[in-house]
Amino acid sequence: MANWIPLWLHKLGSPPMFYRFAGTLRPWAMAFAVLLGATALYGGLVLAPADYQQGDAYRIIFIHVPSAWMSLFIYAVMAVASIIALVWRLKLAEVVAMESAPIGAAFTFITLVTGSLWGKPMWGTWWTWDARLTSELVLLFLYLGVIGLYHSFEDRRQGARAAAFLAIIGIINVPIVHFSVNWWNTLHQGSTVRILGPSKMSGDMLWPLLTMMGATKLYYIASLFGRVRTDLLAMESGKDWVRQIAEQEARK
Amino acid sequence: MNPTRKRRLTIVLLVIAAAAVAIGLTVFALQQNMNYLLTPSQVQSGEATRYKTFRLGGMVKAGSIQRSSDSLKVTFTVIDAGGAMPVEYIGILPDLFRDNQSVIATGHMDNARFIATEVLAKHDETYMPKELKDAMAKAHEGKQVNEAALQDKPQ
């Protein structure tokens, strides 16, 4: 064992520990996700002023952009977990990677659909093959590929390993999605919110967007933890700690 | 790190590196075709002669929009920093189409004119309330700053 990793992290990697940890954290994450989400929607749909150029139609940004961020963020999480799963064969990492994929795919799908709905009135088209739109579609196919590959094996650990390889190869698409608007002439506009330098959005529109970003992150945590817990129970169904939980549930 | 893990990590990193190189080369090779649009100055310098149809991107020149009174025919001029191109289009235009708006037109050249089959409006990444925009415009008025400077410029 590498000694630079703190002990609690090692412990957290064990299925029963993570099961309990995730069980405690999940309701809080979900509660704050709903709270922040509702605040962001109120701020974005009611409080924020109309845009000078797009009027009220720009308000779909409060769904579209946080979903797009999540589609990339979850892919990165999935790829990192896949590397850990492939190199260290950590069961928990496999589960996290494989259970992230459907959530990420859902966010990617929402991004594409809301983008399409936004594109029709503003740009004049539902879809066009510019670099940003195409690379985001490729991202959706990568997610679907990972999900499909995982489920096409009889043995789930073998499936996870194969799908993890696809996931880490696909990570190359993530910077392409992000920088596509800078590298090529696209119909899609550049980034509004910037980490380096000032964002190109007035403050009363920006805070609901960032709040929604927090809400989607927390939702991801809550959703992932729920899925991972169920998966751990199924995976370890013969073990003592699972039997104890089953007995507790039966007694209720 | 034990040797097995080290080997696995090396394999994983090699796979990522190989995929990155492969995709990098592909993108590099396709660079010419990956640009979504050409600007008027690019067209005038002859870069569009390879294409039968292509996308023309630029800004609608202020005051150049002329609508036909008895049909959907519209003519306007698309400009960029160093060129201008007259465009002809028959059809319905998107909501954002107006003076100084970035647009992308798909179509072909007919002598010096561009005949568009589709016109899309491109908007920039700036969002602000109308009042703020008006205030900024007022502040700029004295200096006679082109509104184009506030808009997204196609490269």
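A:Thr39 is partly exposed because 17 other C-beta atoms lie within 10 Å; a residue is buried with 20 or more other C-beta atoms within 10 Å of its own, exposed with 12 or fewer, and partly exposed in between, with C-beta atoms placed from the backbone. This is a predicted model, in which local features need pLDDT of at least 70, side-chain atom pairs count only at pLDDT 80 or more, and totals for chains, interfaces and linings use all residues. Residues are numbered from 1 along each chain as its sequence is written, while chains are lettered from A and ligands numbered from 1 in the order in which they are written. A:Thr39 belongs to helix α2 of chain A; helices (H or I, at least four residues) and strands (E, at least two) are DSSP runs, numbered from the N terminus.

**Chain A overall**

- Chain A has 9 helices and 0 strands.
- Read from the N terminus, its elements run α-α-α-α-α-α-α-α-α.
- Along the principal axes, the C-alpha atoms of chain A fill a box of roughly 60 × 35 × 35 Å.
- Chain A has 252 residues, of which 41% count as buried.

**Helices α2 and α8 of chain A**

- Two packed helices are described by the angle between their axes and the distance between the axes.
- The axes of α2 (residues 15-47) and α8 (residues 203-235) of chain A come within 6 Å and cross at roughly 155 degrees. Axes are lines fitted to C-alpha atoms, for helices over the stretch in contact, and angles run from 0 to 180 degrees between N-to-C directions.
- That angle makes α2(A) roughly antiparallel to α8(A). Angles under 35 degrees count as roughly parallel, over 145 as roughly antiparallel, 65 to 115 as roughly perpendicular and the rest as oblique.
- The crossing of α2(A) and α8(A) is left-handed, a word used if the near helix is turned anticlockwise from the far one by less than a right angle, with right-handed used if clockwise.
- In the contact of α2(A) with α8(A), 23 residues are nonpolar, 8 polar and 3 charged. Ala, Val, Leu, Ile, Met, Phe, Trp, Tyr, Cys and Pro count as nonpolar, Asp, Glu, Lys and Arg as charged, and the others, Gly among them, as polar.
- A:Thr39 and A:Met212 are 173 residues apart along the chain, and their C-alpha atoms are separated by 8.2 Å.
- A:Thr211 lies in helix α8 of chain A. A:Thr211 is buried because it has 22 other C-beta atoms within 10 Å.

- Helix α3 (residues 61-88) has 28 residues, which should span 40 Å at 1.5 Å a residue; its end C-alpha atoms are 40 Å apart, so the two agree. The expected span is 1.5 Å times one less than the number of residues.
- α3(A) is mostly covered, with 21 of its 28 residues buried.
- The axes of α3(A) and helix α6 (residues 156-170) of chain A come within 9 Å and cross at roughly 130 degrees. That makes α3(A) oblique to α6(A).
- The crossing of α3(A) and α6(A) is left-handed.
- Most residues other than glycine have a negative phi. A:Arg89 is not a glycine, yet its phi is positive, at about 55 degrees.
- A:Arg89 counts as partly exposed because it has 14 C-beta neighbours inside 10 Å.

**Helix α5 of chain A**

- The 21 residues of helix α5 (residues 131-151) should span 30 Å at 1.5 Å a residue, which agrees with the 30 Å between its end C-alpha atoms.
- The buried residues of α5(A) include A:Leu133, A:Leu139, A:Leu142, A:Tyr143 and A:Val146, and also A:Arg132 and A:Glu136.

**Chain B**

- Chain B has 3 helices and 6 strands, in the order α-α-β-β-β-β-β-β-α from the N terminus.
- Of the 155 residues of chain B, 25% count as buried.
- Chain B is divided into domain 1 (1-34) and domain 2 (40-150), with bounds that come from an automatic or database domain assignment.
- The centres of domain 1 and domain 2 of chain B, taken over C-alpha atoms, are separated by 41 Å.
- B:Asn111 sits in the loop between β5 (102-110) and β6 (113-122) of chain B. B:Asn111 has a positive phi, near 55 degrees, in a residue other than glycine.
- B:Asn111 is exposed because it has 6 other C-beta atoms within 10 Å.
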